[in-house]
Amino acid sequence: MEQTEKRIGILTSGGDAPGMNAAIRAVTRSALSKQIKVLGIRHGFTGLLARDTVSLDLRSVSDILHRGGTVLYTSRCPAFYQETGIREGARACRELKLNGLVVIGGDGSFRGAQALSHQGIPCIGIPGTIDNDVACSEYTIGFDTAVNTVIQLVDRLRDTSQSHDRCSVVEVMGRHCGDIALQAGVACGAVAILVPEVPCSIEMIVEKMQRTLRTGKRHFIILVSEGVAKSEGFGSVPELAVQIQARTGVETRATVLGYVQRGGTPTARERVLASEMGVRAVALLAQTNPRSRIVAVQHGRIVDLDLDEALTMSRPFNKTLYDIADEISI
Ligand code: ADP
């Protein structure tokens with residue numbers, strides 16, 4: 001018998017990000033307004049394989065707009081790296097009678113969505129990751145909140161660094177993408193910003209600090225993307241702090257911000273972006289023969305792109321902003 005009623009699934013996958021709930025709410029409410037039923041899949045692809053689902057109605061997504069994390073829970077699902085896992089995922093989608101699936105996550109989650117799409121399941125990706133590392137989109141849901149969290153925390157460190165004439169070396173998230181360090185570094189006046197996209201040496205940092213010391217500056221903020229201290233051969237961030245102190249004579253302390261960057265109330269920008277993206281995702285799945293797409297921001301506007309094509313794209317690092325930071329942090 002032909003299925004007349006339309007039904008879509010929604011899941012969050014990979015690292016959680018503030019604003020994911022706003023996207024879940026937008027998808028749910030927009031779909032229901034079009035008489036499309038919505039099945040929430042808990043714990044990402046793991047939950048899809050386990051058929052761990054919850055039917056979402058208008059009120060199931062009440063009071064989540066302002067909450068960080070994801071009410072659908074998230075996970076990393078190793079089974080999805082195997083062909084058998086993908087086939088089982090597609091089988092689950094058919095069993096659950098889904099006409100399409102909304103996947104909120106990062107590049108990894110979109111690879112999972114792409115694999116499902118090649119098994120005949122239309123998938124729409126919504127970029128949700130604090131790292132801003134989805135190549136086809138200028139912004140991802142969660143990034144703005146994370147940057148603002150880092151700024152608040154670094155401002156606090158600045159108070160104490162200034163009072164003691166110290167240098168604070170701060171590790172922030174962004175293992176493969178330096179956007180958090182870059183944006184927060186500009187906003188916090190960091191004297192040096194260490195990101196995976198730009199090579200850096202201890203000599204460069206020390207030279208910059210000595211130049212600014214000669215102008216009377218006595219306290220410093222240095223932001224380091226997670227993993228860069230190691231990849232640049234400094235060891236850990238605390239080890240980098242020891243080297244800076246030894247070479248400059250400025251008392252230097254290391255702070256690793258860690259998981260506090262993931263949580264918190266999503267900013268206005270995040271909530272608006274998530275709402276717009278969620279509604280676009282549903283519009284795409286509401287089409288007669290929906291295709292797999294990624295919803296993205298390009299030139300400040302919401303667009304949608306072919307999923308396969310979007311995953312081949314690359315986005316250049318904002319070297320102009322990096323150079324601006326270097327020029328004015330003196
Ligand atoms: P993010 O989506 O935030 O980038 P991950 O890279 O951890 O997070 O990916 C989340 C999940 O997406 C993985 O645990 C896995 O289940 C699925 N996934 C990632 N890469 C692939 C891939 N190449 N093929 C299929 N599934 C993948």
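Q114 counts as buried in this predicted model, at 16% relative accessibility, where buried means under 20% relative accessible area, exposed over 50% and partly exposed in between (1.4 Å probe, protein chains only). The residue sits in helix α4; helices (H or I, at least four residues) and strands (E, at least two) are DSSP runs, numbered from the N terminus. Leaving aside residues up to four places away in sequence, Q114 touches L307, D308 and L311, a contact being heavy atoms within 4.5 Å.

Some ground rules apply here: residues are numbered from 1 along each chain as its sequence is written, and side-chain values use heavy atoms, with hydrogens and water left out. Since the model is predicted, local features need pLDDT of at least 70 and side-chain atom pairs count only at pLDDT 80 or more, while totals for chains, interfaces and linings use all residues.

Helix α4 turns up again in the largest pocket, where its six residues are the biggest contribution to the lining. A pocket here is an open set of points on a 1 Å grid over the protein atoms alone, where a 1.4 Å probe fits, with protein on both sides within 12 Å along at least five of seven lines; lining residues have an atom within 4 Å of a point. The space in this one comes to about 880 Å³, with grid points joined across faces, edges and corners and the volume taken as the space filled by probe spheres set on the points. Its lining runs to 35 residues, with G14, G15, R76, G108 and D133 nearest the centre. The elements giving two or more residues to that lining are α4 (107–118) and β6 (167–172). By type, the lining splits into 12 nonpolar, 14 polar and nine charged residues, counting Ala, Val, Leu, Ile, Met, Phe, Trp, Tyr, Cys and Pro as nonpolar, Asp, Glu, Lys and Arg as charged, and the others, Gly among them, as polar. The largest pocket lies between domain 1 (6–142 + 266–310) and domain 2 (144–262), because both give residues to its lining.

Those domain bounds come from an automatic or database domain assignment.

Of its 17 lining residues, C177, D179, R315, P316 and F317 are the closest to the centre. The lining divides into eight nonpolar, four polar and five charged residues, and helix α6 (residues 179–188) supplies the largest share, three residues.

As for α6 itself, the helix is mostly covered, with seven of its 10 residues buried. These are D179, I180, A181, L182, A184, G185 and C188. They pack against α5 (143–164), β6, β7 (192–194), β8 (220–225) and α12 (319–328). Just past the end of α6, G189 takes a positive phi of about 65°.

Zooming out, the protein has 12 helices and 11 strands. Its radius of gyration of 22 Å is close to the 20 Å that the globule rule gives for 330 residues, so the protein is as compact as a globular protein of that length; the radius is taken over C-alpha atoms, and the rule is 2.2 Å times the number of residues to the power 0.38. The C-alpha trace spans about 80 × 40 × 35 Å along its principal axes. Of the 330 residues, 52% count as buried.
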